[in-house]
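These are my notebook entries on a structure that I looked up. I record what I asked and what I found.

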Amino acid sequence: MAKSNSKYQSTPDEQLMLLVASKDSKAFEELYDRYNRQMYTYFHRMLWKDKEKAHDFTQELFTKLIHKPELFNAERNFKTWLYSIAHNMCKNEYAKHEVRQHAHSEIKYTQEQSHDGQTSRQMDKNAFYTELEVALAELDEVKRTTFELRFKQEMSIQEISEIMECSEGTVKSRLFYTLKQLNGRLKVYEGILGFFILLIDRLS
Amino acid sequence: MKKYDPEDIEYLMIHKQFHELYPEEKEFVLQHVEGVEEYESMRKMLLELKNSSIQDDWLTPDASLKKALMAEFAKERKGRFSIWLNSLFAMPERPFYRQTGVQWSFGLVVIALGTFIFLQQSSDVKVLAENNVSSQEASNAEARPGNSTQPNSSNQAIPSKPEVDLSGMDKLPQAPVVLAQVQPVMNNVPQEDVGPKVQNYKSDASEESIAESDAVDMAMAPPAPEVKQTELEKDAVTNNTATTLSAGASTTSQNIKFIQDATIFISSAESAQMTNYAELLEITFTAR
């Protein structure tokens, strides 16, 4: 058992996906173990931090892998392919609902979370991230997705361009203007951020 | 001056403070930001986002999700096979001719019939070929002296030849028939009567040398039962027939080796000439 697991652990994603197409359950299990947290977190953040929705969407995403593995092109990167499916699922969901209504309910939820037994600096930092989330919620879907993929999912510019089906220059340009917009909202926290960045620079 | 694109700003912000930028870089950056303050605040936010540990923020879904997915996967594996099996046999909602089992059975029957017919035809061809050979042998035997229906153009005496007993030839041996030897007897054959299509390996040899070499060959060759020769020279062949007589390889005999290469063309046009020539050939069939 251990041997087969280690065999799959060293197998690339694309190879595993081909094995899934051949109905290899171990390969599917390995893929799930690799990507379930990422995808669940992505759906959670993109769908207004609704845990139930994130659970359903994650299940639906992996179910698509089970039923239609032949849709995967082995020449393509598996990770970007998976995220492009997730991105399209979120787009369809946005088309059904209005974003702003959920953004308001999100502000209330996150602000309530931030005041339990923390130091003032921690609270300030938490307040910064809370405000960041609010600001992100007010962005349009495209900018928000670009920001999430870049800073929360840690994807490269090239990967984002593949997922969103646009050029790398477009991705960089969107990122810049998103940062500029967020910066306008978060200037009040500049001092706190400056302290932490200084601390990181000293320690590194 | 180096030209910068807006997408390069992120790289500059991450790696350099404003006072560290080159003049042309400053000029470029200031096209997109209001001033030093905005540059620095954006830089701080960018660094904070990049330095925060993202993976610690990843959530873990409920364990029931994995269970449900693995069950779904197992079901998918079974499902396709069972659906296929069901379709082989009676599915009432489908018409009879569309049921998979019926279609497959029909296909198998067609393939079996086709194979049977093909094999039958190939065995018929084989039998026909064998009959052809034996009929030619028989006609050759009939064309021996005394039975010839065409006049001998050279009016020369035709020496009698020992008969070859082909009575056992109807029961064909398992091993291939070996054409052992062709002995031309040239004494009574004018050169012009020698058919050009007959390749005679020993056309220039004398009788004595041939006899000697034959003796040697026979001594070297494994003992084989002698076959009494009947009239093998053909006479009344009306159609051009090319017959290649090929023999299995003899392990020792040079003559047998020649026989492997010998090709005899018999044509009706030259049958008269060939009759004379053929009369002079002694063909011994040795069946191993």
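Predicted model: local features only at pLDDT ≥ 70, side-chain atom pairs only at ≥ 80, totals over all residues.

Entry 1. Chain A as a whole

I then looked up the secondary structure. Chain A has eleven helices and zero strands. Read from the N terminus on, its elements run α-α-α-α-α-α-α-α-α-α-α.

I also looked up burial and contacts. Of the 204 residues in chain A, 48% are buried. Among the contacts in chain A with a separation of 6 or more, 63% are between residues 24 or more positions apart.

Entry 2. The nonpolar core

Which residues touch the most other members of the largest nonpolar core? I found F43(A), F78(A) and L182(A), in a core of 69 residues. Helix 3 of chain A, residues 25-46, gives the most to this core, with ten residues.

I followed F43(A) further. Leaving aside residues up to four places away in sequence, F43(A) touches A54(A), F57(A), T58(A), L61(A), A86(A), M89(A) and C90(A).

Entry 3. Helix 9 of chain A

Is helix 9 of chain A mostly covered or mostly uncovered? I found that this helix, residues 157-164, is mostly covered, as six of its eight residues are buried. The buried residues are I157(A), E159(A), I160(A), S161(A), I163(A) and M164(A). Their cover includes helix 5 (78-96), helix 8 and helix 10 (168-185) of chain A. After helix 9 comes E165(A), which has a positive phi, near 55°.

Entry 4. Salt bridges

How many salt bridges are there over all chains? I recorded a count of twelve.

I examined one pair in chain A. D13(A) forms a salt bridge with R34(A), and their closest N and O atoms are 2.4 Å apart. D13(A) lies in helix 2 (residues 13-21) and R34(A) in helix 3 of chain A, so the pair ties together parts that are 21 residues apart in sequence. D13(A) counts as buried because its relative accessibility is 14%, under the cut-off of 20%. R34(A) has a relative accessibility of 24%, and therefore counts as partly exposed.

I also noted a network of salt bridges that links R45(A), K49(A), E133(A) and E148(A).

Entry 5. The interface of chain B and chain A

The size of an interface is often given as the accessible area lost when the parts come together, and I therefore looked up this value. What area is buried between chain B and chain A? The area is about 4,400 Å², and carbon and sulfur atoms give 66% of it. In chain B, M45(B), W58(B) and F73(B) lose the most area to chain A, together 16% of what that side buries. The contact takes 47 residues from chain A and 37 residues from chain B.

How many salt bridges does the rule find across this interface? It finds four. I recorded several of the pairs between the two chains.

E76(B) and K23(A) form one salt bridge, with the closest N and O atoms 3.6 Å apart. E76(B) lies in helix 4 (residues 63-88) of chain B and K23(A) in the loop between helix 2 and helix 3 of chain A, so this pair joins two chains. Both E76(B) and K23(A) are buried.

R150(A) and E10(B) meet through their side chains in a salt bridge of 3.0 Å, N to O. R150(A) belongs to helix 8 (residues 141-152) of chain A and E10(B) to helix 1 (residues 8-15) of chain B, so this pair also joins two chains. R150(A) is buried, and so is E10(B).

I noted K66(B) and D33(A) as well, whose side chains meet in a salt bridge at 3.1 Å, N to O.

Entry 6. A surface patch on chain B

Which residues make a nonpolar surface patch of about 400 Å²? They are V109(B), L113(B), F116(B) and I117(B). I looked up F116(B) in particular, and found that F116(B) lies in helix 5 of chain B, residues 100-142. F116(B) counts as exposed because its relative accessible area is 52%, over the cut-off of 50%.

Key. Residues numbered from 1 in each chain as written. Chains lettered and ligands numbered in written order. Heavy atoms only, no water. Patch = residues over 30% accessible without salt bridge, like charges linked within 9 Å, V, L, I, M, F, W, Y side chains within 5 Å. Areas by Shrake-Rupley, 256 points an atom, 1.4 Å probe, with all protein chains shown as cover. Helix = DSSP H or I, 4+ residues; strand = E, 2+ residues; numbered from the N terminus. Buried < 20%, exposed > 50% of the residue type's maximum accessible area, 1.4 Å probe, protein only. Contact = heavy atoms within 4.5 Å. Core = buried A, V, L, I, M, F, W, Y, C linked by side-chain atoms within 4.5 Å. Buried area = accessible area lost by both parts, 1.4 Å probe.
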